[in-house]
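Have the sequence and the 3D view open while you read.

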Amino acid sequence: MGACFSSPTGGGSTDAEVLFFPDSAGMPCRRHLAGKECRRANCTYAHADTSLVKLLRRIDAASKTLDVCVFTITCNEIADAVVRAHERGVKVRVISDDEQANSTGSDLRAIADAGIPVRTDAASTHMHHKFAIVDGATLINGSFNWTRQAVLGNQENVVIARDAKLAGVFAKEFDSMWGKFRGNEYAGRGGGGNRA
Ligand SMILES: [Zn+2]
């Protein structure tokens with residue numbers, strides 16, 4: 001398959017992993033994701049540690065904070081991992097693009113409905129970042145939008161770096177945008193008020 005690649009850079013304080021997409025093995029089996037053995041003889045989902053599985057495990061490893069700043073989120077598996085983090089007490093914040101927020105298949109509403117504060121830009125330009133910070137110390141960043149299309153179809157890259165200094169630079173930018181987008185709380189298509 002060779003759809004993903006990971007390598008420690010070594011030689012410094014940065015511990016990095018690089019993921020490449022698309023995942024040619026397909027979407028992961030939920031039982032495999034949960035660390036269980038899949039006994040379904042006809043299960044067509046992937047039972048390998050695909051790039052998506054590796055990314056999901058990083059999100060699942062969050063124990064204190066998870067700051068997500070991604071242009072578009074339509075991949076249910078990733079949205080579920082973000083909601084799981086919130087449900088286990090991780091302080092989650094999400095910034096996304098205002099136009100993508102209401103596009104077909106967007107998972108932002110489900111994320112907001114779970115009680116996670118979500119803010120967007122309010123401009124004709126795009127909030128085009130694709131990064132996330134786990135526990136203030138691990139940066140997830142690359143071309144990869146959090147979409148099924150990016151998982152299964154696109155050539156994409158994600159660098160996951162455990163580097164507090166690097167993550168801190170992005171955290172500062174996240175906080176700056178979080179303040180700037182105050183008042184643009186996203187509450188889903190059905191409304192529901194200010195969750196921030
Ligand atoms: Zn399976």
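What follows goes from the overall layout to a helix pair, the core and a few local details.

## Ground rules and layout

This is a predicted model, where local features need pLDDT of at least 70, side-chain atom pairs count only at pLDDT 80 or more, and totals for chains, interfaces and linings use all residues. Numbering starts from 1 along each chain as its sequence is written.

The chain has seven helices and seven strands; helices (H or I, at least four residues) and strands (E, at least two) are DSSP runs, numbered from the N terminus. Of the 196 residues, 36% count as buried. Buried here means that 20 or more other C-beta atoms lie within 10 Å of the residue's own, exposed means 12 or fewer, and partly exposed is in between, with C-beta atoms placed from the backbone. As for contacts between residues at least 6 apart in sequence, 66% join residues at least 24 apart. Two residues are in contact if their C-beta atoms, placed from the backbone, lie within 7 Å.

## Helices α2 and α3

How do these two helices meet? The axes of α2 (residues 51-60) and α3 come within 9 Å and cross at roughly 15 degrees. Axes are lines fitted to C-alpha atoms, for helices over the stretch in contact, and angles run from 0 to 180 degrees between N-to-C directions. On the α2 side the contact uses Leu 52, Leu 56, Ile 59 and Asp 60, while α3 brings Glu 77, Ile 78, Ala 81, Val 82, Arg 84 and Ala 85. By type, that contact has seven nonpolar, no polar and three charged residues. Here Ala, Val, Leu, Ile, Met, Phe, Trp, Tyr, Cys and Pro count as nonpolar, Asp, Glu, Lys and Arg as charged, and the others, Gly among them, as polar.

The buried residues of α2 are Ser 51, Leu 52, Val 53, Leu 55, Leu 56 and Ile 59. They pack against β1 (15-21), α1 (30-33), β2 (65-70), α3, α6 (148-152) and β7 (156-162).

## Inside the core

The largest nonpolar core has 49 residues, and Leu 66, Val 82 and Ala 132 touch the most other members. Such a core is a set of buried Ala, Val, Leu, Ile, Met, Phe, Trp, Tyr and Cys residues joined through C-beta atoms within 7 Å. Not counting residues up to four places away in sequence, Ala 132 touches Leu 66, Asp 67, Val 68, Cys 69, Val 70 and Ile 140.

Now look at Ala 79, which sits in α3 (residues 76-87). Ala 79 counts as buried because 22 C-beta neighbours are inside 10 Å. Leaving aside neighbours within four places in sequence, Ala 79 is in contact with Ile 73, Asp 107, Ala 110 and Ile 111.

## Loops worth a look

Ala 123 is in the loop between β4 (118-120) and β5 (130-134). With 11 other C-beta atoms within 10 Å, Ala 123 is exposed.

Most residues other than glycine have a negative phi, and most peptide bonds are trans. In the loop between β5 and β6 (138-142) you'll find Asp 135, whose phi is positive, near 50 degrees. Asp 135 has 17 C-beta neighbours inside 10 Å, so this residue counts as partly exposed. Over in the loop between β1 and α1 is Pro 22; the peptide bond from Phe 21 to Pro 22 is cis, with omega near 10 degrees.
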